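Here are my notes on the model, as numbered points you can check against the coordinates.

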Amino acid sequence: MDGRRSGAIINSLVSAYIDDIYVNKNENIEALRVLAEEKHVPIILKDAESLLNILVKIRNPKRILEIGTAVGYSASFFANSCDAEIVTIEADKICMKLQFPI
C-alpha cells in the first residue's frame with residue numbers, strides 16, 4: 001500500500017494523527033459515535049469531521065442538507081457546530097429503525 005486508505009486521498013499517517021488528536025467536547029455526540037462504531041453503522045470519519053468543523057465555522061451555513069443520515073451522527077454534529085437549519089434524508093429502512101439511547 002502507498003500510505004493511502006482505500007479510496008481516500010489523504011495519507012494514512014496524517015489521518016492517524018488527526019484521529020489521535022480528535023476530541024469531541026459534546027459527550028452525547030461522542031457517545032453516539034461510540035455506539036455507531038460498535039454496531040458498525042457508517043458515520044463520518046474523524047478526519048472528515050475535523051475538516052467539516054473548520055469549514056462550518058468559516059462558511060457559517062444557514063441550511064445543511066444531509067443525504068444518508070444513518071443514525072444522525074453528522075446531523076447532530078452540525079447542530080452542535082452551527083445554527084443552520086438541517087434537513088436529513090435516509091432511504092435505508094434499517095437505519096431509519098435504529099434507535100440509540102442518547
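1. Serine 81 counts as buried because its relative accessibility is 18%. The cut-offs are under 20% relative accessible area for buried, over 50% for exposed and in between for partly exposed, with a 1.4 Å probe and protein chains only. A polar atom of the serine 81 side chain lies 2.8 Å from the backbone oxygen of phenylalanine 77. That makes a polar contact, meaning N or O atoms within 3.5 Å; within protein, one must be able to donate a hydrogen and the other to accept it, and residues adjacent in sequence count only if both atoms are side-chain atoms. Leaving out residues up to four places away in sequence, serine 81 touches Asn53, Val56 and Lys57, where contact means heavy atoms within 4.5 Å.

2. Some housekeeping. This is a predicted model, with local features needing pLDDT of at least 70 and side-chain atom pairs counting only at pLDDT 80 or more, while totals for chains, interfaces and linings use all residues. Residues are numbered from 1 along each chain as its sequence is written, and side-chain values use heavy atoms, with hydrogens and water left out.

3. Now the overall layout. The protein chain has 5 helices and 2 strands, in the order α-α-α-β-α-β-α along the sequence. Of its 102 residues, 30% are buried. Take the contacts between residues at least 6 apart in sequence: 53% of them join residues at least 24 apart.

4. Which residues touch the most other members of the largest nonpolar core? Val71 and Tyr73 do, in a set of 17 residues. Helix H2 (27-38) and helix H4 (73-81) are the elements that give two or more residues to this core. By nonpolar core I mean buried Ala, Val, Leu, Ile, Met, Phe, Trp, Tyr and Cys residues joined through side-chain atoms within 4.5 Å. Tyrosine 73 touches Tyr22, Asn24, Ile29, Leu32, Arg33, Ile43, Ile44 and Glu49, again not counting residues up to four places away in sequence.

5. H2 is worth a look of its own. Its buried residues are Ile29, Leu32, Arg33 and Ala36. Why do they sit on the same side of H2? They cover an arc of only 105° around the axis, taken from the directions from the helix axis to the C-beta atoms. An α-helix has 3.6 residues a turn, so residues three or four places apart point the same way. The buried residues of H2 pack against helix H3 (46-59) and H4, whereas the face turned away from the buried side carries the exposed Glu27 and Glu38.

6. The ends of H2 also have something to show. At its start, a side-chain oxygen of asparagine 26 comes within 2.9 Å of the backbone nitrogen of asparagine 28. Just after H2, histidine 40 has a positive phi of about 60°.

7. Most residues other than glycine have a negative phi. Asparagine 60, in the loop between H3 and E1, has a positive phi of about 45° although it is not a glycine; this residue is partly exposed at 42% relative accessibility. Alanine 70, in the loop between E1 and H4, has a phi near 55°.

8. On to the strands. E1 (residues 63-67) runs parallel to E2 (residues 85-89), and 5 bridges join them; strands pair if DSSP finds at least two bridges between them. Isoleucine 67 stands opposite isoleucine 89 in E2. The covered face of E1 has Ile64 and Glu66, and the uncovered one has Arg63, Leu65 and Ile67. Arginine 63 counts as exposed at 68% relative accessibility. Arginine 63 touches Ala84 and Glu85, with residues up to four places away in sequence left out.

9. Last, leucine 52 in helix H3. Leucine 52 is partly exposed, with a relative accessible area of 28%, and touches Ile44, Phe77 and Phe78, not counting residues up to four places away in sequence.

Terms used: Helices (H or I, at least four residues) and strands (E, at least two) are DSSP runs, numbered from the N terminus.
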